[in-house]
Amino acid sequence: MRVLFLFLDGVGLGGDDPKVNPLASTPMPHLEALLDGRKLIARSAPVETARATLVALDACLGVAGLPQSATGQTVLLTGRNVPREIGTHYGPKPNPAVAEYLRNGNLFRTLSQAGRRAALLNAYPQGYFDAISSGRRLYSAVPLAVTSAGLPLKTTADLFAGQALSADFTGAGWRERLNLPDAPLLSPRQAGARMAHLAGQVDFTFFEYWPSDYAGHGQDMAAARTLLATFDEVLGGLASAWDDEAGLILITSDHGNLEDLSTRGHTANPVPGLVIGAPSLRRSFMSEWRDLTHITPSIVEALSR
Ligand SMILES: [Zn+2]
């Protein structure tokens, strides 16, 4: 049994309104095939198909205000209702109170201590490590969880060796914005297949996709549609290379944003809990899911068997 956690920042389940919701207007044939023709919008959930189950997960967690990335991701990585415990949604990066939760224990550490192999598939450029060590940059929740667990962050060398993926899936951003013209360039479909391959090497893999939240803040429908079309190709490559009997793919988010481009900020919408894999694996894995606190316990349970 293995789990691949594909984290999409800022993607909620919104309305069926193509004027504000790019998930309602963008053709996503691979996603729709998994959901028997449904789109990733609120009225599609809950649904169970031959390969996938979609439920809506509450991201507000009983706390006033709009959910934010640091607390939302920390809930996903610890199973604790961190915004309720600290009294507020907080983000984008962890403040000392939120960071303390991640340092005191998180999914990566729990799995490592249980002898399970866990990896974050994102590659980080050298400039990122330099900015962290000089104090110019703070870890966001996911790399803080990984490093707190004593696990390495993947590097440029890992990316060049085919052992990591760039945050934009394809590597185009590394070529253009990081001035690394020799960085490997994958098609979105190849990136999905690569993700499946890398997930097959360990028990638990995580990939953090943050451009979805940026696109939501940008409120640019054309850019959002391009991003979703790319993501759908990645998903096609991933799903076709995935062995449903050997493990589960989990796709979820920390809060809504991209699904409502009428507002610049986050939304209070539920987020998708989308799981791909054999029906018997899916049912026991997600039978208790109502909100973001239920993810970590399910992953730990599934990988302890
Ligand atoms: Zn955001």
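**Close-up views of a predicted model**

**View 1. Asn 21 and its surroundings.** Asn 21 touches Gly 14, Gly 15, Ile 41, Met 221 and Glu 259, leaving aside residues up to four places away in sequence. The model shown here and in the other views is predicted. Asn 21 belongs to the loop between strand S1 (2-8) and helix H1 (22-25). Its relative accessibility is 0%, so Asn 21 counts as buried; the cut-off for buried is under 20%. The side chain of Asn 21 also reaches the backbone nitrogen of Leu 23, at a distance of 2.8 Å.

**View 2. The zinc site.** Three residues coordinate the zinc ion: Asp 213 through OD, His 217 through NE2 and His 266 through NE2. The distances are 2.0 to 2.2 Å. Along the chain, the donors of the zinc ion follow the spacing D-x3-H-x48-H. Asp 213 and His 217 are both in helix H12 (residues 211-218). They are four residues apart, which is about one turn of the helix. Asp 213 has a relative accessible area of 8% and is therefore buried. His 217, at 26% relative accessibility, counts as partly exposed.

View 3. Seven strands make up an open sheet with mixed pairing. Read across the sheet, the order of the strands is S2-S3-S7-S6-S1-S5-S4. Strand S2 (47-48) and strand S4 (118-120) stand at the edges; each has a single partner strand, so one side of each has no neighbour in the sheet. Ala 118 has Phe 204 in S5 as its bridge partner.

**View 4. The salt bridge between Arg 43 and Asp 16.** Seven salt bridges are counted in the model. One of them joins Arg 43 to Asp 16, with the closest N and O atoms 2.3 Å apart. Arg 43 sits in the loop between helix H2 (29-34) and S2, and Asp 16 in the loop between S1 and H1, so the pair ties together parts that are 27 residues apart in sequence. Arg 43 counts as exposed because its relative accessibility is 65%. Asp 16 has a relative accessible area of 40% and is therefore partly exposed.

**View 5. The salt bridge between Glu 32 and Lys 39.** The side chains of Glu 32 and Lys 39 meet in a salt bridge, at 3.0 Å from N to O. Lys 39, with a relative accessible area of 22%, is partly exposed.

**View 6. The salt bridge between Glu 48 and Arg 283.** Glu 48 and Arg 283 form a salt bridge in which the closest N and O atoms are 2.7 Å apart. Glu 48 lies in strand S2 and Arg 283 in helix H14 (residues 279-286), so this pair ties together parts that are 235 residues apart in sequence.

Note on methods: Residues are numbered from 1 along each chain as its sequence is written. This is a predicted model: local features need pLDDT of at least 70, side-chain atom pairs count only at pLDDT 80 or more; totals for chains, interfaces and linings use all residues. Side-chain values use heavy atoms; hydrogens and water are left out. Helices (H or I, at least four residues) and strands (E, at least two) are DSSP runs, numbered from the N terminus. Buried means under 20% relative accessible area, exposed over 50%, partly exposed in between (1.4 Å probe, protein chains only). A polar contact is a pair of N or O atoms within 3.5 Å; within protein, one must be able to donate a hydrogen and the other to accept it, and residues adjacent in sequence count only if both atoms are side-chain atoms. Contact means heavy atoms within 4.5 Å. Two strands pair if DSSP finds at least two bridges between them. Donors are N, O and S atoms within 2.8 Å of the metal (3.2 Å for Na, K and Ca); water is not among the atoms, so sites may look incomplete. A salt bridge is a side-chain nitrogen of Lys or Arg within 4 Å of a carboxyl oxygen of Asp or Glu.
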